Amino acid sequence: MKALDKFRLLDSYFMIAIDGTGHLVFKERHCSHCLTKEKDNKILYYYHNVLEAKLVTEAGLAISIETEFILNSDGYSKQDCELAAFYRMVKGLKSSFPQLKICLLLDSLYAAAPVMDIAKKYGWKYIITFKEGSMPDRYDEFLKLKKLCSDNAAEHTDDKSIQSYSWVNDIEHKGNYFNVMELLETTTNKKVRFVWITNLDIGKNNIIQIAKGARLRWKIEN
């Protein structure tokens with residue numbers, strides 16, 4: 001019924017936030033698929049986690065559209081992980097919504113070439129939190145190139161904050177090219193910094209809107 005069309009990013013992409021979350025915790029083994037939390041070779045507890053994909057909007061909606069359990073795959077020893085569950089999940093997401101224009105909103109765990117390869121294969125866009133430890137060489141390259149791209153800057157001011165934006169385009173990583181955007185937000189109480197990588201084209205005319213979309217990833221906790 002196109003009820004959510006007005007919430008598309010850049011009037012094109014539905015924003016899908018993906019993140020893992022705790023689901024069930026047990027003192028004793030619940031089943032053969034339990035994950036384990038260990039310390040000093042001692043099992044502290046057994047648990048089940050789940051990976052959720054939610055369509056998020058700036059109006060506050062967070063609608064679950066795909067779920068993948070993070071499970072111990074061989075019964076006891078081989079621990080499943082969030083990234084492995086993601087690679088399984090996206091196949092179902094593409095199968096369920098083959099024509100949907102999607103922009104994935106992801107945390108820094110997903111700043112990796114295989115994730116970029118999947119986005120390229122499926123024709124999806126992505127916005128991924130970028131931390132120095134994710135891809136150290138590319139992060140350092142971004143910091144160096146930013147000094148050479150002083151014209152790539154924009155600012156937005158309202159009653160609550162001053163938002164200063166900067167960006168660098170066309171950084172290569174294992175056959176993929178992405179852009180990096182940075183936001184410095186200053187309020188009366190604090191200053192915060194956000195950095196993301198994306199395969200969306202970035203410029204003065206859209207960086208504010210893209211950054212606003214990137215921050216919607218937190219709505220997956222709703």
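**Close-up 1. Val-195 in strand β10.** Val-195 lies in strand β10, which spans residues 191–198 (strands are DSSP runs of E of at least two residues, helices runs of H or I of at least four, both numbered from the N terminus). The model is predicted, with local features requiring pLDDT of at least 70 and side-chain atom pairs counting only at pLDDT 80 or more, while totals for chains, interfaces and linings use all residues. Residues are numbered from 1 along each chain as its sequence is written, and side-chain values use heavy atoms, with hydrogens and water left out. Val-195 counts as buried because its relative accessibility is 6% (buried means under 20% relative accessible area, exposed over 50%, partly exposed in between, with a 1.4 Å probe and protein chains only). Beyond its neighbours within four places in sequence, Val-195 is in contact with residues including Ile-128, Phe-142 and Met-181 (contact means heavy atoms within 4.5 Å).

**Close-up 2. The largest nonpolar core.** This core has 36 residues, and those with the most contacts inside it are Ile-18, Phe-86, Leu-104, Tyr-110 and Ile-197 (a nonpolar core is a set of buried Ala, Val, Leu, Ile, Met, Phe, Trp, Tyr and Cys residues joined through side-chain atoms within 4.5 Å). Helix α1, residues 82–96, supplies the largest share of this core, six residues.

**Close-up 3. Packing of helices α1 and α2.** Helix α1 and helix α2 (residues 113–122) pack at an angle of about 5°, with their axes 12 Å apart (axes are lines fitted to C-alpha atoms, for helices over the stretch in contact, and angles run from 0 to 180 degrees between N-to-C directions).
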